[in-house]
Amino acid sequence: MTSARRMLIDANTTPFYHVINRCVRRAFLCGEDKLTGRSYEHRRGWIVDKIKALSAIFCIDICAYAVMNNHYHLVLKIDVEEAKTLSQKEVISRWCQITKGHATATKYMNGDALIDGERMLLDALIAEWQERLSSISWFMRCLNEEIARKANREDECKGAFWEGRFKSQALLDEQALLACMMYVDLNPIRAGIADSLQSSDFTSIQERLNALSPNSITPLITKTPVDNSQPTPHKSLAKFDGATHLHRQTGIPFHFADYLELIDWTGRAIRHDKKGFIDNQRPKLLNELGIASDAWLSSAKDFRRQYSGISGRWDAMCAFKLQQGGKWCRGKSSSEALHPNQPLG
């Protein structure tokens with residue numbers, strides 16, 4: 001039985017979540033349909049452009065992404081503090097970029113006087129919209145609805161485009177966040193469609209690497225057909241701030257140089273032509289977080305299979321599950337051996 005979304009996403013427990021959504025039809029979300037020879041590669045740009053645009057509207061940061069042939073991965077961070085500091089006009093302005101808003105809100109934005117009933121209605125609307133602006137469910141709804149409409153219009157058909165509602169995983173600690181981001185960024189290498197980080201098209205790691213050098217190639221997302229009639233501001237990827245605790249930072253709690261060292265080491269170890277190869281020099285982050293090399297490589301290859309809706313230390317996963325009313329927990333500690341399904345007590 002599926003769980004209610006409110007039981008799977010709790011920003012007070014952790015701001016970091018891994019989400020994945022898959023295409024339902026035989027025709028790929030992206031890539032090339034070998035049966036018809038038709039290419040859908042440009043749709044990768046749709047996904048990346050839209051998540052950047054929505055991130056600028058919502059109080060949600062993009063930590064990592066990978067757009068594959070028939071599915072995509074995102075690692076998102078909810079910025080609850082930013083949502084709390086939004087003024088009433090900022091809330092209305094942001095929300096009206098994705099919906100029609102409300103006549104009372106328009107009246108307020110135009111500077112017209114409101115009667116008591118309208119003021120009460122406006123306060124209720126703003127409270128609701130402010131909460132939604134930090135909601136992953138609304139973020140994903142806005143993303144998936146637009147992509148589905150554009151794909152259906154292009155394919156001249158109707159019906160469901162996505163397999164179902166998106167799947168999510170709560171990332172409860174630094175090890176879980178690191179393993180998940182690495183899993184997402186290494187998707188093309190693990191799938192055998194790229195042999196280096198630089199050639200891993202439509203991933204956050206490729207975008208970050210391109211941004212390091214002013215002489216780097218133009219990111220592929222700028223080469224895809226887009227609607228330029230109403231340019232939309234895009235938000236940069238979440239920054240690596242090097243903080244030491246998951247809940248005491250404004251970005252990703254690692255230094256990018258350390259992350260880059262680890263992902264390069266991991267990518268080389270899991271490449272198909274490098275089976276069994278592990279450099280004797282362990283990356284700094286593995287030593288700092290106390291993660292064994294073999295356990296780390298196992299997570300980098302099979303993160304999705306090792307965990308259900310949550311990932312982190314075993315005690316933290318059990319506590320999260322109990323808090324949400326669950327009875328069973330599956331997964332393994334980010335640095336320990338796999339646990340079988342176990343009752344919580």
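Begin by selecting β1 and β3, which form an antiparallel pair joined by seven bridges. The model on display is a predicted one. Within this pairing, select V19 and look across to β3, where L74 stands opposite.

Now colour β1 by burial. Six of its seven residues are buried, so β1 is largely enclosed by the rest of the structure.

The next stop is the largest nonpolar core, which comprises 53 residues. Select Y72, L74, I136, F139 and M140, the residues with the most contacts inside this core. Then display the elements that give it two or more residues: β1 (16-22), α2 (42-57), β2 (60-67), β3 (71-78), α4 (88-95), α5 (103-109), α6 (116-132) and α7 (136-155). Of these, α7 gives the most, with eight residues.

Which residues does Y72 touch, leaving aside those up to four places away in sequence? Select Y72 and show its surroundings: the contacts are V19, I20, N21, L29, I47, A66, V67, M140, L143, N144 and W162.

Finally, move to another core, which lies apart from the largest one and has 38 residues. Select A238, L262, W265 and W296, which are among its members.

Conventions:
Residues numbered from 1 in each chain as written. Predicted model: local features only at pLDDT ≥ 70, side-chain atom pairs only at ≥ 80, totals over all residues. Heavy atoms only, no water. Core = buried A, V, L, I, M, F, W, Y, C linked by side-chain atoms within 4.5 Å. Buried < 20%, exposed > 50% of the residue type's maximum accessible area, 1.4 Å probe, protein only. Helix = DSSP H or I, 4+ residues; strand = E, 2+ residues; numbered from the N terminus. Contact = heavy atoms within 4.5 Å. Pairing = 2+ DSSP bridges.
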